[in-house]
Amino acid sequence: MRLLDELFPLVEGVYVDLHKNPELSHSEQRTASVVAEWLNRTGYEVHKGVGGTGVVGILRNGPGPTVMLRADMDALPLEEKTGLPYASTARALDADGAEVPVMHACGHDAHTACLVGVADLLSETREEWAGTVMVVAQPGEETLDGAQRMIDDGLFDRFGRPDVVLGQHLGPQPAGLISHRAGIILGSSSSYRVRIFGEGGHASQPHTTVDPVLIAANIVTRLQGVVSREISPSEMAVLTVGRIQAGTKANIIPDEAYLEINTRALNDNVAAQLEQAIERVVRAEAAASGAGREPQVERFQGSGVTHNDPASTADVAAAHHAYFGDEYVIHLPDPSPSTEDFCRYGLPDDPQPIPYVFWFVGATPHDVWESAPGDTPYEKMGNVPSNHSPFFSPDREPTLRAGLAALTVAALSYLGSDNPQPSALDQASAAPTGSAFPGPAPAGTADPRGHTDPGASFDGFDGSDRPLDTPPQTEAPAPFDPLSDPLTGPRPSEPGFSDRANDAYDSAFLASSWPEDPAKSTHDTDMDSVMGAQDQEIRDEWRSEKAEESTLSADMASILDEDETPGPPAGPSYGGPPPTGSAHNAPPPPGPDDDLPDSQYRL
């Protein structure tokens, strides 16, 4: 971890370069080349063009677990308004062929910069760990299909099935703060295209037409009652009509109207209920207006909930607590309704899904956070420039340093400790120079799919990308040169940051030698070697109390109360079976029973 300071200026230069040269989803050719060049230079087996523009780097270092580290590369069609000296002025053609501004407004530039930095750091310290590192730079996260494209292109079949998948995302929390949540941390999302078919005509004779604009307006209004009147108040659900388009002139009633609808939920039953409601409302409103043709409803984008493996989250969070300190690592009491396709790497439909851990790295400058209106963190987060804002401007140095360290520590908490190569850890008097938090080696035989045939490399790094369906940028971006940017030169660390880090390096528990008690499991042995009793309490707390989840704010109130220790939730969220019927599909109620007095059936 001491090498982080030496590596940081180069990582910062990569971040600035990517921020100035963003690329839209599935058009990340330049960004992919930056990643591939870095991995190739640091000794990884590099594969380009996976799932389109995806890049995979493999570094094998003896027996041990396979740890996959993932970052997303794509930017958004948004005009940057941060005023930064390295702000994006890029423009590109979107999937419809329209020219749009492009901006890294979601932090994917930071994710990618941290990914290549961690890959470099692990390559430079191979004597301190054992196992296989799988680095994945993913395209198309904003379209929620990049992860599945890489999987469909043989990500795990060609390069091995990982034992754990790790990822992180910038968030609106204070810069450098690490936020964890066991269980559901992000919701599901689905987007739908709706096409209404009417009969057009002159605006002066509406009685001769079937107005699709009126049908669309009624659909928008009716859908607003779905969440408030059809979804249980104990569940989280969002339904948004984000796009409506029809007509060309004020005095022409058009033939068609077009809508795009987005839904969010925290469990699959609610997501299915929202989809059924959209279908029902759209078709019913078209029929009510006498449309001669059935409307079209198509789900064109979506991803399920991101459900962190509780045990793995406990391990990673404990390592982060021990490295950063308790003041810099928090537990999120509620999941976010935002959505990621990171969950696809867990193979949720597989009989043996892959455990994964996903966490947030705060990016808001501390002065902006302090001056933001609000008395609670949630109020402040709603009043700072957040993801997808044209003003999203992470505090560069503390955010990148925290992201680099968080992903490195998480990876080292899993990579094996039984490397036969000589190590500085063999010298009792020497300060540790490698993994601060070595984690569990696999307890049994490694999954045979976790090893890649060395002959399976299909592209190497020769600059040849497979062709894409999306059009190229209208302007060729500048070539990447991390040494040409003034930010890549030496610069002082954030005041106090390195001092805190050095204090962590010098902690007594880090100097302990590897225990060799065969009576203990590999997991417990490795964790005991780096964690004292106090840190073990943290880990136990994560396992026992925070692995159980609740998506209800009321259930989490005790967590926010400083004077109380939260107990286990009353029951698992959404644990019951889905409802067998719906009030909206039920038969009409029976009429009054003449055998009963008025007061009976009136009541």
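Is Arg-283 buried, partly exposed or exposed? Keep that question in mind as you go through these notes on the salt bridges; the answer comes in point 3.

1. First, a reminder that you're looking at a predicted model. The structure holds 21 salt bridges. As background, side chains of opposite charge can pair when their charged atoms come close. I've picked out a few pairs to look at.

2. Start with Arg-70 and Asp-72. Their side chains meet in a salt bridge, at 3.7 Å from N to O. Both Arg-70 and Asp-72 are buried, so each has under 20% relative accessible area.

3. Next, find Arg-283, which pairs with Glu-294 in a salt bridge whose closest N and O atoms are 3.0 Å apart. Arg-283 sits in helix α7 (residues 268–288), while Glu-294 belongs to the loop between α7 and β15 (296–303), so this pair ties together parts that are 11 residues apart in sequence. And here's your answer: Arg-283 is partly exposed, because its relative accessible area is 29%, a value that lies between the 20% and 50% cut-offs.

4. Now go to Asp-349 and Arg-344, whose side chains also meet in a salt bridge, this one at 4.0 Å from N to O. Asp-349 counts as exposed, because its relative accessibility is 69%. Arg-344, with a relative accessible area of 24%, is partly exposed.

5. Finally, go back to Arg-70 and Asp-72. Salt bridges with shared partners join Arg-70, Asp-72, Glu-340 and Asp-341 into one network.

Note on methods:
Residues are numbered from 1 along each chain as its sequence is written. This is a predicted model: local features need pLDDT of at least 70, side-chain atom pairs count only at pLDDT 80 or more; totals for chains, interfaces and linings use all residues. Side-chain values use heavy atoms; hydrogens and water are left out. Buried means under 20% relative accessible area, exposed over 50%, partly exposed in between (1.4 Å probe, protein chains only). Helices (H or I, at least four residues) and strands (E, at least two) are DSSP runs, numbered from the N terminus.
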